[in-house]
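Welcome! Here are a few exercises to work through with the model open beside you. Try each task yourself before reading its solution.

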Amino acid sequence: MTSVQSSTQQQTVELKPSYNLPFALIFGAIPIAFLQPWVSLAIALFGLFLLVQAITLRLQFTDTAFDIYRSEKLIRQFPYSDWQNWRIFWKPVPILFYFKEINSIHFLPILFDPKILETCLEPLPRKD
């Protein structure tokens, strides 16, 4: 977790990447290759795709929005004022982050530290 203070005293928390899910898919595809090579290839390629995403994407929580960056470029911003609900699926081994805005829903694979994610999300609206 990285905290940055600006001159306006806004705090930004950037989530560190986690490679657990991509590596689990890549290594999990190996034994499947003996039974179903094409299925194994699809799983391994998806794992490689997620690995590239974990390397290139950066998620930041600011005082007003959840921001997604690729390198230094902001590619998407989700203002908290539009959020209605959020949830992390499969708590023992978090693999999916869901949040609902007024007009859309979003699912993101957990490619970042899930504990810090949940800490940043606690003040936001949530319905279970």
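**Exercise 1. Find Ala-65 in this predicted model, and decide whether Ala-65 is buried or exposed.**

Solution. 
- Step 1: Start with the place in the chain. Ala-65 belongs to strand 4, which covers residues 65–70.
- Step 2: Look at the accessibility. The relative accessibility of Ala-65 is 1%, and the cut-off for buried is under 20%. Ala-65 therefore counts as buried.
- Step 3: Look for neighbours. Leaving aside residues up to four places away in sequence, Ala-65 touches Gln-60, Gln-77, Phe-78, Pro-79 and Tyr-80.
- Step 4: Gly-28 is 37 residues away from Ala-65 along the chain, and their C-alpha atoms are separated by 35 Å.

**Exercise 2. Describe Gly-28: which element holds Gly-28, and how far is Gly-28 from Ile-43 in space?**

Solution. 
- Step 1: Gly-28 sits in helix 1.
- Step 2: With a relative accessible area of 29%, Gly-28 is partly exposed.
- Step 3: Between Gly-28 and Ile-43 there are 15 residues of sequence separation, and the C-alpha to C-alpha distance is 8.2 Å.

**Exercise 3. Work out how helix 1 and helix 2 are arranged, and which residues make their contact.**

Solution. 
- Step 1: Helix 1 spans residues 20–32 and helix 2 spans residues 37–56. They pack at an angle of about 165°, and their axes are 8 Å apart.
- Step 2: Angles over 145 degrees count as roughly antiparallel, so helix 1 is roughly antiparallel to helix 2.
- Step 3: The crossing of these two helices is left-handed.
- Step 4: On the side of helix 1, the contact is made by Leu-21, Pro-22, Phe-23, Leu-25, Ile-26, Ala-29, Ile-30 and Ile-32. Helix 2 contributes Pro-37, Val-39, Ser-40, Ile-43, Ala-44, Phe-46, Gly-47, Leu-48, Leu-50 and Leu-51.
- Step 5: Sort the contact residues by class, and you get 16 nonpolar, two polar and no charged residues.

**Exercise 4. Compare Phe-34 and Val-52: how does each one count by its accessibility?**

Solution. 
- Step 1: Phe-34 is in the loop between helix 1 and helix 2, while Val-52 is in helix 2.
- Step 2: Phe-34 has 72% relative accessibility and therefore counts as exposed, the cut-off being over 50%.
- Step 3: Val-52 has a relative accessible area of 44%, so Val-52 is partly exposed.
- Step 4: Phe-34 and Glu-122 are 88 residues apart in sequence, with 43 Å between their C-alpha atoms. Val-52 and Phe-99 are 47 residues apart in sequence, with 23 Å from C-alpha to C-alpha.

**Exercise 5. Find Ser-71 and say what its phi value is near.**

Solution. 
- Step 1: Go to the loop between strand 4 and strand 5 (73–79), where Ser-71 is placed.
- Step 2: Phi of Ser-71 is near 60°, a positive value in a residue other than glycine.
- Step 3: Most residues other than glycine have a negative phi.
- Step 4: Ser-71 counts as exposed, because its relative accessibility is 55%.

Methods: Residues are numbered from 1 along each chain as its sequence is written. This is a predicted model: local features need pLDDT of at least 70, side-chain atom pairs count only at pLDDT 80 or more; totals for chains, interfaces and linings use all residues. Side-chain values use heavy atoms; hydrogens and water are left out. Axes are lines fitted to C-alpha atoms, for helices over the stretch in contact, and angles run from 0 to 180 degrees between N-to-C directions. Helices (H or I, at least four residues) and strands (E, at least two) are DSSP runs, numbered from the N terminus. Angles under 35 degrees count as roughly parallel, over 145 as roughly antiparallel, 65 to 115 as roughly perpendicular and the rest as oblique. A crossing is left-handed if the near helix is turned anticlockwise from the far one by less than a right angle, and right-handed if clockwise. Contact means heavy atoms within 4.5 Å. Ala, Val, Leu, Ile, Met, Phe, Trp, Tyr, Cys and Pro count as nonpolar, Asp, Glu, Lys and Arg as charged, and the others, Gly among them, as polar. Buried means under 20% relative accessible area, exposed over 50%, partly exposed in between (1.4 Å probe, protein chains only).
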